[in-house]
Structures are given as C-alpha cells and as structure tokens.
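Please look through the sequence and the three-dimensional model below before reading on. The report that follows takes up a few parts of the chain in turn.

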Amino acid sequence: MSAVHLAVMAAFFFAPSDSTPVENMRLSKGLAKLEPAHFARRALIKGDHLDDAILLSTVKATRKPGPANGAYIWDGHVQVRIDRQTGQARWEVWHDLTYSGARREISEVRYQIGDRLVKVKPSTVTHWIDYCPAFEMPGECSQFTRVVFEVSEEDIRAMAQSYQPQSRAPWLIRLKEARGEDVTIGVAPAEVAGAWQARHALN
C-alpha cells in the first residue's frame, strides 16, 4: 500500500470528529502562527510576457490545512489569475476534500464577510475515487471532490484586512450539498492576506 493510501486511511481513523460545532472550529496553533509574509514569500507565480495571464497561488505555501467539518481537507489554497492586458484579477479558492460514503454533490458555496452573507455557485466540482479496501477488508472507497469557487476582489480585500496576528479564528466557508451532507471548511486569513500582498507586489 502506498504512502498516499496510508495517509488517507490515517485521516479517517485519527482526524478530529465531524461533530465539532462550527463555532468551535479553530485553526491549528501552527497555522495561526504563520503571518501573511510567509504566504507572500512562498506564493507560486507562473507566467511571463508570452502568456495572456499571470497565475499566483498559495498551493505550495503550507502543508497545514485549515479545519473542516464533514470531510477532510487533502489540499486547499487561494489563487488569482491576472490578465496581462487589462490587469483584471480573478480570485478563486480551491479545496480537495476526501471522505467515505456517497459522492458529495456540492451545489452552492456560502461565506460571510462582516455582516454580509455571500452565496455563490462553484465554478468547478470534480470527483474521483482514490483508494478502495481489498475485497476481504471492511470499509468504503475514499471519495475525493475538488471544489473551486470565485471570490470577488472586494471580498478578498476585506478578508485580508481582517487578519489578526495569532488569531485562531478561521474564515468559515460552507459547501452546500444536495442531500444535506454539507461541508464547512476554514481558511486562514493570513493566507488570504499573503496572497493579496503577493498579488500587489507584482504591480
């Protein structure tokens, strides 16, 4: 069995319970210690004068995912695509989730900025199965779902400005599922602030 498969199985057996109340969801102490500068320095930048756009992503910035309720985060990051001609930026949040049971059909994304509740449709929802137990072993296949959704630059700016050093409070995002199997994920405001800094450093 590969290291990837073992990691997936370990996540199911040793990760925190899905029953954690949303109001109690917190960033890990290690993730809370990371400052925006950490994410800005480690931002992955792709594209040059021969490309139509520059892509900036925090995908390589940390291996410490935020908290999740309803699934486990395999990967999560913020990215922005900047059009070279117009300078317009398209911000997106990406998450790869892993879980057992039926496929999660994510139909809506909700998040809050200040007192304003935002509801958007995901731009991408992709499914795949990675690991299934051997025939004689109990258990279900590990489902993976990638959810990508767009966030306005105004909301990214507001979230970046909300960053408070050492705070363990995450930016909570609800992924609404057709059968009610919702997933709530937490993103570190420092990651958003770091991506914002790195994006404007390109100007």
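Strands β4 and β5 form a hairpin with five residues between them, and within the turn G87 has a positive phi of about 80°. Here helices (H or I, at least four residues) and strands (E, at least two residues) are DSSP runs numbered from the N terminus, and two strands pair if DSSP finds at least two bridges between them. The model is predicted, so that local features need pLDDT of at least 70 and side-chain atom pairs count only at pLDDT 80 or more, while totals for chains, interfaces and linings use all residues. Residues are numbered from 1 along each chain as its sequence is written, and side-chain values use heavy atoms, with hydrogens and water left out.

**The strands around β5**

Strand β5 pairs with β4 and also with β9, as the table sets out.

| Strand pair | Residues | Bridges | Direction |
|---|---|---|---|
| β4 and β5 | 72-83 and 89-100 | ten | antiparallel |
| β5 and β9 | β9: 142-151 | ten | antiparallel |

**Two residues in their surroundings**

Leaving aside neighbours within four places in sequence, H77 is in contact (heavy atoms within 4.5 Å) with S57, T58, V59, E92, V93, W94 and E191.

E181, by comparison, is found in the loop between β10 (171-177) and β11 (183-187), and E181 is partly exposed, with a relative accessible area of 40%. Although E181 and G70 are 111 residues apart along the chain, their C-alpha atoms are separated by 7.3 Å.

**The chain as a whole**

The chain holds five helices and eleven strands, and of its 203 residues 40% count as buried. Among contacts between residues at least 6 apart in sequence, 67% join residues at least 24 apart.

How values were computed: Buried < 20%, exposed > 50% of the residue type's maximum accessible area, 1.4 Å probe, protein only.
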